[in-house]
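Subject: Structure for your review

Dear colleague,

Please find below the structure that I am handing over to you.

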Amino acid sequence: MGVRSLSGSLLYFMLPKKRPVEAEEAPDTSIPDSSSLKKKQVDCDLEPTVICNKNNCVTGSCSNTDNETNNHCKEEDLIMAPGDSNPMEIDEDLHSRQLAVYGRETMRRLFGSNVLVSGMHGLGAEIAKNLILAGVKALASVQKLQDLNNAVSIYTLTTELTTEQLSKFQAVVFTDLNLDKAIEFNDYCHNHKPPISFIKAEVRGLFGSVFCDFGPEFTVFDVDGEDPHTGIIASISNDNPALVSCVDDERLEFQDGDLVVFSEVKGMTELNDGKPRKIKNARPYSFTLEEDTTNFSTYEKGGIVTQAKQSKVLNFKPLREAIKYPGEFLLSDFSKFDRPPLLHLAFQALDKFVSEIGRFPVAGSEEDAQKLISQASQINENSGDARVEDINPKLLRHFAFGARAVLNPMAAMFGGLVGQEVVKACSGKFHPLYQFFYFDSVESLPTANLDPSDFKPVNSRYDAQISVFGSKLQKKLEDAELFVVGSGALGCEFLKNLALMGVSCGKQGKLTITDDDVIEKSNLSRQFLFRDWNIGQAKSTVAASAAALINPHLRIEALQNRVGSQTENVFDDTFWENLTAVVNALDNVNARLYVDQRCLYFQKPLLESGTLGAKCNTQMVIPHLTENYGASRDPPEKQAPMCTVHSFPHNIDHCLTWARSEFEGLVEKTPAEVNAYLSNPVEYINAMNKAGDAQSRDTLEHVLECLEKEKCDTFQDCITWARLRFEDYFADRVKQLIFTFPEEASTSTGAPFWSAPKRFPHPLQFSVVDPSHLNFVVAASILRAETFGISIPEWVKHPKTMAEAVGKVTVPEFQPREDVKIETDEKATTLSSASVDDAAVINELIRKLEQCRKKLPPGFRMMPIQFEKDDDTNYHMDMIAGLANMRARNYSIPEVDKLKAKFIAGRIIPAIATSTAMATGLVCLELYKVLDGGHKVEDYRNTFANLALPLFSMAEPVPPKELLQWLKYKGLDAYSISHGSCLLYNSMFPRHRDRMDRKVVDLVREVAKVELPAYRHHFDVVVACEDDEGNDVDIPPVSIYFS
């Protein structure tokens, strides 16, 4: 198969069959029977979604023929339907990570958008896959793609596409359209009322282009997708202009020209009118307000300043105008500053070549390459002010050689980019690409010169790839032994890419994938190798089976082991030594650091990547060429002081942190402690006596409370417990706090105690007619009943009956105490205060516990509840959101809905399919370089991209740290280095300072006179070092690897 066989395999896989296909057979396009689909039917009034492909192609599989052209002819077009403007119910369990990026309003706009994707080859299939996962209606063959999202109606269009047909859609995407036809379609879309967003995208070998036109006036509602920046006001001057200072709790993120609104300002209440005001002279903790406040009231205290995000109107030019006057190009790689104008020229020359010859240039054909270069030169001469000084024939030659190929990594990268642009077009969320984007990864080509015969097709599914890289690199790909760590969103994309590239598909190849997690419903919106009937199954096993359907030659082994020190018997030295490279697809830093250390020790290339919402990054760790992943780390996230979280919250994050902590203490930790005590009382008591500290005292108090005063035997007991918890948390504790620190209280320096950022609280008065009060009691009583194994009556769901049960609870009157100590020290790490009589108190608690235990029924145990954020029926988030919002109400902090509470308390990482696809595409472009083996550090690229802006920043990786720098990073100051009996460096000797810029291997050879044989690639040195306080630190010998 040729170029399009790659996309054909992808389309085949989109709906896994229960039976494998033979290696080189065309995909089975029959409709599976209903028993193999197991679909969950979704009720929604959606118009159909359609996808386009050429009429001379079988759905999902196209041959790469010499007579192919990019004329529109009859296209099989994918239409993504949605069409009904009525608000749709969003499945929050399925789309929770995507909702964290887009929000409900954007998701509803996506669900109501009709989209056309024309050209279902590699790029079109990738775009459609990402859009279907997002919920925009999209893509070609129903049988292959429908199962990605049952809520999307998908149909194919096989009639000749006309301009009139475009009027049904909010956005249209063309991936295989010549320039003349593109101009015709774009003119229609640009002038249509309302305008139809038009995107033209192409991937040609290692080169790609995108053009966007969203109409004469396109409104962007949210330019960057970030939450509005805020600040807590400390003072406002009566000046012209006014100076606003904020507390130094957190740095301000405002910029000059931003608009802000004020709220909760005491004294200068004129600012509380909700009117946006412009600022200037933005500083880390202050800014100037472009307003005269001379005659305003005097500022007293308090106040929040919040960024007022503004919409933006973009005026797009149509393609016929933009092609001549493209304006500024979006750059991806600043080392290629002059590349976009050249590629703008190259793609025009290619279009002219195809229109004249009727085919794409042949790989390795110097004649075709020279003709394309000649055409580019002619176009350049007629370009006027846009003329390029140097058309770079060498680059255009590479461009011509690969023009017929659609490479999977390029399709994946551009599929993510274009998919995100469609989302922007349909929703107005994020800033669109304006208007041309060009990209190349010519550095991925093999370093050795190739003979034209290397590019010749060998009648395999990899002929397109061979036409770019040659057969030698293809053999290296097939024989690679790869380790993919993780099979979540990144892992699924990687497996698909690797299978389509033919990695580990040869007789010598092997791909090992491991993941200890199982599939959950929330995975299905991004991890596209999984289906709803896979929920509960091992991720790695399902993903490996799906990847084998994409490419039956893939030699893959799936494991369910976490990679770490505990599994070094599984991933032993032999395993690591046999690897060609490692690809990380992880979602936590600690696991990444462990794999990084393993790769560093065994000298294996590590390809690292990660995503956060619309952002993604990649990092290449190449032995002897680049620094490792752990060589530089982000600073730790700032944690709120414990006293702030527990007594003085001033934002909803503080409230949710406290709520999650209380939830875990009440329904998980304390019941687990009860069981630990009851399982082995003697051992438990001995451990508590041995510790004898305030924490042990508190733990015993909670266990005793649970088994004595707060023990529940009936569901009414659980209701009583929940109602009294409400009173304790939101009334009594607040009364005690404001008794200890009245509103007029002062600090030891005479300053007001309740000054910003502190917020003065107010106790709540419980009311059964307040739904939030009653909902908290419902959730808390149900979970309390679960921990005691008490059956839950049906009437708990009826507010009237529940209110009557709550009304039976007697709430004792609270009296504040004088002797209560409330922690105010921001450096305190615990709220438990040590006491001289802790041991005596612990002994008394143990005595009472022993008495209590004797009264319990035989075999009594509690049932601890582990927090599960992704099940909306378990009342976990209901209780946490209730705890947080009632506390927020105490402190006059804006409350949040349960979904927002889930994002924060559940520490959900925002994730979307588009940024994941882009990251994996970029990594696989680097994999070509790694497996080729001859590239220099300047050939590799680390990338940071933000699809919301959009922003691309590609840079050469940082070289590895020198030995002394590496030790310094570890917190060690080396003053002496020796090899054997020879001293290589000592900081006391002035002459040795000249050696600091030398390589250690050179010093070993020259100073120690050591002959290092050709088969040796490392040696050991002994390092004498001290810590930051000047104390000597003994460390083992340090192994130095060299090339």
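The notes below set out what was found.

This is a predicted model, in which local features need pLDDT of at least 70 and side-chain atom pairs count only at pLDDT 80 or more, while totals for chains, interfaces and linings use all residues. Residues are numbered from 1 along each chain as its sequence is written, and side-chain values use heavy atoms, with hydrogens and water left out.

Strands and sheets

Helices (H or I, at least four residues) and strands (E, at least two) are DSSP runs numbered from the N terminus. Two strands are taken to pair if DSSP finds at least two bridges between them. Six strands form a closed barrel in the order 9-10-13-12-11-14, with antiparallel pairing. On average, neighbouring strands of this sheet are turned by 45° against each other, direction ignored (axes are lines fitted to C-alpha atoms, for helices over the stretch in contact, and angles run from 0 to 180 degrees between N-to-C directions).

Strand 9 (residues 230–236) pairs with strand 10 in the antiparallel sense over three bridges, and Ile233 stands opposite Cys246 of strand 10. On its pairing with strand 13 (residues 286–289), strand 10 is antiparallel and joined by four bridges; here Val244 stands opposite Phe287. Strand 11 (residues 259–263) and strand 12 (residues 277–280) are antiparallel as well, with two bridges, and Val260 has Arg277 as its bridge partner in strand 12.

In a regular strand the side chains alternate between the two faces of the sheet.

Strand 3 pairs with strand 5 (residues 171–174) in the parallel sense over four bridges, with Val117 opposite Val173.

Aromatic rings

A pair of aromatic rings is described by the distance of the centres and the angle of the planes. Rings of Phe, Tyr and Trp (its six-membered ring) are paired if their centres lie within 6.5 Å; planes under 30 degrees apart count as stacked, over 60 as edge-to-face and the rest as tilted. By this rule the model holds 46 aromatic pairs. Phe436 and Tyr438 are stacked, because their ring centres are 5.9 Å apart and their planes are at 10°. Phe436 is buried at 4% relative accessibility, and Tyr438 is buried at 6%. The rings of Phe663 and Phe867 have centres 5.8 Å apart and planes at 75°, so this pair is edge-to-face. Phe663 lies in helix 19 (residues 652–679) and Phe867 in the loop between helix 25 (838–855) and helix 26 (876–890), so the pair ties together parts that are 204 residues apart in sequence. Phe663 and Phe867 are both buried.

Ring pairs also link a cluster whose members include Phe174, Phe329, Phe399, Phe436 and Tyr438.

Charges over rings

A charge sits over a ring if NZ of Lys or CZ of Arg is within 6 Å of the ring centre and within 35 degrees of the ring normal. The charged end of Arg723 sits over the ring of Phe766, 4.1 Å from its centre, and Lys758 lies over the face of Phe753, at 4.9 Å from the ring centre.

Polar contacts

A polar contact is a pair of N or O atoms within 3.5 Å; within protein, one must be able to donate a hydrogen and the other to accept it, and residues adjacent in sequence count only if both atoms are side-chain atoms. Gln474, in helix 13 (residues 471–478), is buried with a relative accessible area of 4%, and its side chain makes a polar contact of 2.6 Å with the side chain of Gln465. Asn382 lies in the loop between helix 9 (366–381) and helix 10 (393–401) and is exposed, with a relative accessible area of 69%. A polar atom of the Asn382 side chain lies 3.3 Å from the backbone oxygen of Gln378.

Annotated positions

UniProt positions are given in the numbering used here, feature names are shortened, and annotations may be inferred rather than shown by experiment. The unreviewed UniProt entry lists Cys643 for "active site". Cys643 lies in helix 18 (residues 642–647) and is buried at 2% relative accessibility.

Yours sincerely

Terms used
Buried means under 20% relative accessible area, exposed over 50%, partly exposed in between (1.4 Å probe, protein chains only).
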